[in-house]
Amino acid sequence: MEVIIVLATIIGLVTGLIQIAIWLKHSLEQKKWFRKAKKYNTELVAVGIVVKGSDVLMVKRSKPEENLGWQFPAAQVRSKQEVYSRITNETLAETGVDTKFHRILGERKHPDTKKYVVYVALNYLKGEPQNGQPQENSIVRWVNIKDAKMLLTSNLSIDVNSYISLFEE
């Protein structure tokens, strides 16, 4: 019985250490992204990539920004906000689709908007698209990945293209 208690304690400690390591990694990444945005004298934006089957969640802006008409859900991230929670919360508010952080796909200075963008893969949990922000978006819907690539009016990130191509039929 004592061995089981000791093992359970060790497992609990290791789990706690792993959670601290993940938090520290995310914290350091976040600081790096804000430094890069500051270096480029621009905003930090998180873009959520949500795939369901062979479809990807997209929004069509009410008023295109630069070359952006159709795009993935996005959120400006302010200094006291965490990228992961900001994009999941904004995706829910903007589209009605509930998601969970999966992984970072990549980052870059966007060629059209000049903003510093972090691309985040989000796991679909539940919900059907609905336009929660009609002042920003005219349409919110699932789009077949092949069609999505044609709808995008801006340069698709190589990292995002590689990720969504895994789900193409």
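The model is predicted. The chain has 4 helices and 7 strands. Of its 169 residues, 40% count as buried.

**Overall fold**

- Along the sequence, the elements follow the pattern α-β-β-β-β-α-β-β-β-α-α.
- The C-alpha atoms fill a box of roughly 65 × 40 × 30 Å, taken along the principal axes.
- Take the contacts in the chain with a separation of 6 or more: residues 24 or more positions apart account for 67% of them.

**Helix α1**

- α1 covers residues 2-39.
- Its 38 residues should span 56 Å at 1.5 Å a residue, and its end C-alpha atoms are 55 Å apart, which agrees.
- The buried residues of α1 are His26, Glu29, Gln30, Trp33 and Ala37.
- These buried residues pack against β1, β4, α2, β5 and β6.
- After α1 comes Asn41, with a positive phi near 55°.

**Helix α2**

- α2 runs over residues 83-95.
- With 13 residues at 1.5 Å each, α2 should span 18 Å; the C-alpha atoms at its ends are 18 Å apart, so the two values agree.
- Buried residues in α2 include Val83, Tyr84, Arg86, Ile87 and Thr88.
- Glu90, Thr91, Glu94 and Thr95 of α2 are buried too.

**Nonpolar cores**

- In soluble globular proteins, nonpolar side chains tend to be buried together.
- Here the largest nonpolar core has 20 residues.
- Val47, Ile49, Val56, Met58, Phe72 and Ile164 have the most contacts inside this core.
- β1, β2, β6, α3 (145-151) and α4 (158-165) each supply at least two residues of the core.
- The largest share, 4 residues, comes from β1.
- Met58 touches Trp70, Gln71, Phe72, Ile139, Val140, Arg141, Val143, Ala148 and Leu152, leaving out residues up to four places away in sequence.
- A second, separate core has 19 residues, including Leu57, Ala75, Tyr84 and Ile87.
- Tyr84 and Ile87 are also among the buried residues of α2.

**The largest pocket**

- The largest pocket holds about 510 Å³ of space.
- Its lining has 29 residues.
- Val45, Arg61, Leu68, Gln71 and Ala74 lie nearest its centre.
- Two or more lining residues come from each of β1 (44-52), β2 (55-65), β3 (68-71), β4 (74-77), α2 (83-95) and β6 (116-126).
- By type, the lining divides into 12 nonpolar, 7 polar and 10 charged residues.

- Most residues other than glycine have a negative phi.
- Asn41 has a positive phi of about 55° although it is not a glycine.
- Asn41 sits in the loop between α1 and β1.
- Its relative accessibility is 72%, so Asn41 counts as exposed.
- Lys114 is not a glycine either, yet its phi is positive, about 70°.
- Lys114 belongs to the loop between β5 (98-109) and β6.
- Lys114 is partly exposed, with a relative accessible area of 43%.

**Lys115**

- Lys115 lies in the loop between β5 and β6.
- The cut-off for buried is under 20% relative accessible area.
- Lys115 has 19%, so it counts as buried.
- Apart from neighbours within four places in sequence, Lys115 is in contact with Thr42, Glu43, Val45, Glu65, Arg108, Lys109 and His110.
- One of these contacts, Val45, is among the residues nearest the centre of the largest pocket.

**Ala121**

- Ala121 lies in strand β6.
- Its relative accessible area is 0%, so Ala121 is buried.
- Leaving out residues up to four places away in sequence, Ala121 touches Ile49, Lys100, Phe101, His102, Arg103, Leu105 and Tyr163.
- Ile49 is also one of the residues with the most contacts inside the largest core.
- Ala121 and Lys39 are 82 residues apart along the chain, and their C-alpha atoms are separated by 25 Å.

Technical notes
Residues are numbered from 1 along each chain as its sequence is written. This is a predicted model: local features need pLDDT of at least 70, side-chain atom pairs count only at pLDDT 80 or more; totals for chains, interfaces and linings use all residues. Side-chain values use heavy atoms; hydrogens and water are left out. On a 1 Å grid over the protein atoms alone, a cavity is a set of points where a 1.4 Å probe fits but cannot get out, and a pocket is an open set with protein on both sides within 12 Å along at least five of seven lines; lining residues have an atom within 4 Å of a point. Grid points are joined across faces, edges and corners, and a volume is the space filled by probe spheres set on the points. Ala, Val, Leu, Ile, Met, Phe, Trp, Tyr, Cys and Pro count as nonpolar, Asp, Glu, Lys and Arg as charged, and the others, Gly among them, as polar. The expected span of a helix is 1.5 Å times one less than its number of residues. Buried means under 20% relative accessible area, exposed over 50%, partly exposed in between (1.4 Å probe, protein chains only). A nonpolar core is a set of buried Ala, Val, Leu, Ile, Met, Phe, Trp, Tyr and Cys residues joined through side-chain atoms within 4.5 Å. Contact means heavy atoms within 4.5 Å.
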